Amino acid sequence: MCGIVGLFLKDKSLEPKLGQLLSDMLVTMTDRGPDSAGIAIYGGAADGKGKLTVQSANPAKDFDGLAEALEGAIGVKPAVTVKSTHAVLEVPANKLAEARAAIAALRPAIRVMGAGESVEIYKETGLPKDVVARFGVEAMSGSHGIGHTRMATESAVTTLGAHPFSTGADQCLVHNGSLSNHNNLRRELKREGMTFETENDSEVAAAYLTAEMAKGKDLGEALTGALDDLDGFFTFVVGTKSGFGVVRDPIACKPAVMAETDQYVAFGSEYRALVGLPGIETARVWEPEPATVYFWDHEKAA
């Protein structure tokens with residue numbers, strides 16, 4: 001089951017509304033997967049700055065004094081913005097890896113949801129309406145984002161098991177489907193140096209794309225490779241710092257619909273997720289073809 005949404009804005013005037021539009025799209029998909037939900041928002045990148053989105057089951061304890069503890073470990077005091085069970089830490093971009101390692105050592109109960117210059121990822125168990133309200137997603141601005149509401153089939157209902165999955169800087173993935181070769185692929189990726197937080201098959205798909213892009217491929221090329229290397233049923237919507245991609249497996253049994261106007265490209269598991277978007281009445285609307293990569297990139301369009 002599961003419900004997926006994505007929105008890639010071409011028109012900068014819509015960026016202040018990204019969180020609201022994406023939240024409405026995701027809430028509409030609630031009945032496709034009510035056990036957990038998550039959203040990735042791309043926006044607010046500052047030159048030379050990086051962001052870590054972190055989560056704790058005990059935020060009052062784990063976030064208290066975190067900035068000071070990290071200052072002692074990495075020599076720079078991060079700006080910390082707490083949002084319920086999550087916090088966004090801003091540090092110099094060249095300190096991201098060091099900060100992540102320090103968090104693991106200083107506060108091992110904290111989990112990193114995402115890292116990079118642009119992305120913020122918020123996910124928890126519960127209904128989409130409660131998750132987006134908890135983190136104030138509707139007020140967020142940005143250039144593009146993806147979201148997911150989950151009906152668990154492959155692993156437990158936990159925060160870490162919720163989507164999006166992020167396995168590389170400014171990269172994340174949401175998935176509707178089930179992979180059949182994820183165990184073998186996980187072992188291969190571990191040999192290449194990838195690490196995993198869960199046993200979820202969708203995390204393997206995210207890690208595969210990260211590994212392929214680390215070899216120099218862009219998102220579109222990595223998604224093309226996934227058609228040969230991943231077995232099973234899947235619809236993926238993927239975000240990078242400047243890009244947005246969609247691909248379905250060759251059988252394409254999982255529902256999907258897309259819409260494009262001069263202002264945006266949108267994805268939903270069902271058309272009803274798109275009906276609230278501006279100008280949807282005159283949008284080009286289509287069902288993405290099987291085994292076909294759809295890929296947009298702000299940097300290539302500039």
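Is Cys172 buried or exposed? Cys172 counts as buried, at 2% relative accessibility. The model is predicted, and all values below are computed from it.

**Cysteines**

- The number of disulfides found in a search of the whole structure is 0.
- For Cys172, the closest cysteine sulfur belongs to Cys2 and is 16 Å away, which is too far for a bond.
- For Cys2, the closest cysteine sulfur is that of Cys253, at 12 Å, again too far for a bond.
- A disulfide needs the two sulfur atoms within 2.5 Å, so the 12 Å from Cys2 to Cys253 rules out a bond there.
- Cys2 is buried, its relative accessible area being 8%.

**Lys51**

- Lys51 belongs to strand 3, which covers residues 49-55.
- The relative accessibility of Lys51 is 6%, and because buried means under 20%, this lysine counts as buried.
- The Lys51 side chain comes to 3.1 Å from the backbone oxygen of Ser118.
- Ser118 is also on the list of residues in contact with Lys51 once neighbours within four places in sequence are set aside.
- That list includes the run Gly114, Ala115, Gly116, Glu117, Ser118, Val119 and Glu120.
- Gly43, Gly44, Val88, Leu89 and Leu96 are also in contact with Lys51.

- Tyr271 sits in the loop that runs between strand 14 (264-268) and strand 15 (284-286).

**Backbone geometry in loops**

- Most residues other than glycine have a negative phi, and most peptide bonds are trans.
- Between His163 and Pro164 the peptide bond is cis, and its omega is near 5°.
- Pro164 is placed in the loop between strand 8 (144-150) and strand 9 (165-168).
- Ser84 is not a glycine, yet its phi is positive, at about 55°.
- The loop that holds Ser84 lies between strand 4 (79-83) and strand 5 (86-92).
- Ser84 counts as partly exposed, at 30% relative accessibility.
- Ala291, not a glycine either, has a positive phi of about 50°.
- Ala291 is in the loop between strand 15 and strand 16 (293-297).
- With 38% relative accessibility, Ala291 counts as partly exposed.

**Glu199**

- Glu199 is located in the loop between helix 6 (182-191) and helix 7 (201-214).
- The relative accessible area of Glu199 is 55%, and because exposed means over 50%, this glutamate is exposed.
- Apart from neighbours within four places in sequence, Glu199 is in contact with His182 and Arg186.
- Glu199 and Ala156 are separated by 43 residues in sequence, while their C-alpha atoms are 9.1 Å apart in space.

Conventions
Residues are numbered from 1 along each chain as its sequence is written. This is a predicted model: local features need pLDDT of at least 70, side-chain atom pairs count only at pLDDT 80 or more; totals for chains, interfaces and linings use all residues. Side-chain values use heavy atoms; hydrogens and water are left out. Helices (H or I, at least four residues) and strands (E, at least two) are DSSP runs, numbered from the N terminus. Buried means under 20% relative accessible area, exposed over 50%, partly exposed in between (1.4 Å probe, protein chains only). A polar contact is a pair of N or O atoms within 3.5 Å; within protein, one must be able to donate a hydrogen and the other to accept it, and residues adjacent in sequence count only if both atoms are side-chain atoms. Contact means heavy atoms within 4.5 Å.
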